[in-house]
Amino acid sequence: MTEETDNIHGYTLGLWVTFKDLESLRSYGPHPIHQEFVKSLDGLLENVVVVDYPKI
């Protein structure tokens, strides 16, 4: 939980997904199971923000 609420813009959920390498990340988005999941969310979400952070 954070007390930083000035810039949440109404977002109520955040997901963190970790991949073993860049190839895994690139294959995740178009994967049929992921695409099926994305379609199941149709009409449930107003906005989505995706941010990729490189491994440091």
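Buried means under 20% relative accessible area, exposed means over 50%, and partly exposed covers what lies in between; these cut-offs apply to the views below, which are drawn from a predicted model.

**View 1. Gly29 in the loop between H1 and H2.** Gly29 lies in the loop that stands between helices H1 and H2. With a relative accessible area of 25%, Gly29 counts as partly exposed, because partly exposed residues fall between the 20% limit for buried and the 50% limit for exposed. When residues up to four places away in sequence are not counted, Gly29 touches His34 and Gln35.

**View 2. His34, a residue of helix H2.** His34 is found in helix H2, the helix that runs over residues 32–40. The relative accessibility of His34 is 17%, and His34 therefore counts as buried, the limit for that class being under 20%.

**View 3. The largest pocket and its lining.** About 1800 Å³ of space lies in the largest pocket of the model. The lining of this pocket is made up of 34 residues, and those closest to the pocket centre are Leu15, Trp16, Val49, Val50 and Val51. Helix H1, which covers residues 22–28, and helix H2, which covers residues 32–40, each supply at least two residues of the lining. By residue class, the lining divides into 19 nonpolar, 9 polar and 6 charged residues.

**View 4. Glu46 in the segment after H2.** Glu46 is found in the segment that follows helix H2. Its relative accessible area is 85%, and Glu46 is therefore exposed, since exposed residues are those over 50%. Glu46 and Phe19 are 27 residues apart in sequence, and their C-alpha atoms are 26 Å apart in space.

**View 5. Thr2 in the segment before H1.** Thr2 is found in the segment that precedes helix H1. At a relative accessible area of 44%, Thr2 is partly exposed. From C-alpha to C-alpha, Thr2 and Asp21 are 29 Å apart in space, while in sequence they are 19 residues apart.

**View 6. The whole chain, as a setting for the close-ups.** The protein has 2 helices and 0 strands, and its C-alpha trace spans about 35 × 35 × 15 Å along the principal axes. The radius of gyration of the protein is 14 Å, whereas a compact globule of 56 residues would have a value near 10 Å.

Terms used: Residues numbered from 1 in each chain as written. Predicted model: local features only at pLDDT ≥ 70, side-chain atom pairs only at ≥ 80, totals over all residues. Heavy atoms only, no water. 1 Å grid on protein atoms, 1.4 Å probe; cavity = no way out; pocket = protein on both sides within 12 Å on 5 of 7 lines; lining within 4 Å. Points joined across faces, edges and corners; volume = space filled by probe spheres on them. Helix = DSSP H or I, 4+ residues; strand = E, 2+ residues; numbered from the N terminus. Nonpolar A, V, L, I, M, F, W, Y, C, P; charged D, E, K, R; others polar. Buried < 20%, exposed > 50% of the residue type's maximum accessible area, 1.4 Å probe, protein only. Contact = heavy atoms within 4.5 Å. Rg over C-alpha atoms; globule rule 2.2 N^0.38 Å.
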